[in-house]
Amino acid sequence: MDQAISPLRAAQSLTELWSPRVIGEVDEAYVKVARLHGRLAWHAHEHEDELFYVLAGVLTLEMEDKTVRVGPGEFYVVPKGVRHNPIADEECLVMLLERKTTRHTGDEVTDKTRSLEDQLRPL
């Protein structure tokens, strides 16, 4: 990286929903942004935690034992192994921090699942 990046502007530039894009790296983790609306899919990441930081809008994270609403400027970490379903009733922009081994929708594959190669495409 040779310049500062605005995660909000990067997320605002996205045209596809539920298609995270890598904007940086921290050790063994990727920093990603995504534009969300609707529901993704119930899934889990067996060996990785997943951090959701809301840049704009509200994100609801359904889990089997609770539901967490995350607003602008807030974040929530879904612990490894916890089944969750991200939901954005209105458009929501998020920044994610995930290990490089994290698969988009874990072992679940849907029409919204994106490969790592897809997530690494330039903005």
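G106 touches H43, A44 and H45, leaving aside residues up to four places away in sequence; a contact here means heavy atoms within 4.5 Å. This is a predicted model, in which local features need pLDDT of at least 70, side-chain atom pairs count only at pLDDT 80 or more, and totals for chains, interfaces and linings use all residues. Residues are numbered from 1 along each chain as its sequence is written, and side-chain values use heavy atoms, with hydrogens and water left out.

**Around G106**
- G106 sits in the loop between β7 (84–99) and α2 (116–119).
- G106 is buried, with a relative accessible area of 11% (buried means under 20%, exposed over 50%, partly exposed in between, with a 1.4 Å probe and protein chains only).
- Although G106 and E48 are 58 residues apart along the chain, their C-alpha atoms are separated by 9.8 Å.

**Fold and overall form**
- The protein chain has two helices and seven strands, in the order α-β-β-β-β-β-β-β-α from the N terminus; helices (H or I, at least four residues) and strands (E, at least two) are DSSP runs, numbered from the N terminus.
- The C-alpha atoms of the protein chain fill a box of roughly 45 × 30 × 25 Å along the principal axes.
- Of the contacts in the protein chain between residues at least 6 apart in sequence, 65% join residues at least 24 apart.

**Burial and surface**
- Buried residues account for 44% of the 123 residues in the protein chain.
- The protein chain exposes about 6800 Å², and carbon and sulfur atoms supply 50% of this area, computed by the Shrake-Rupley method with a 1.4 Å probe.
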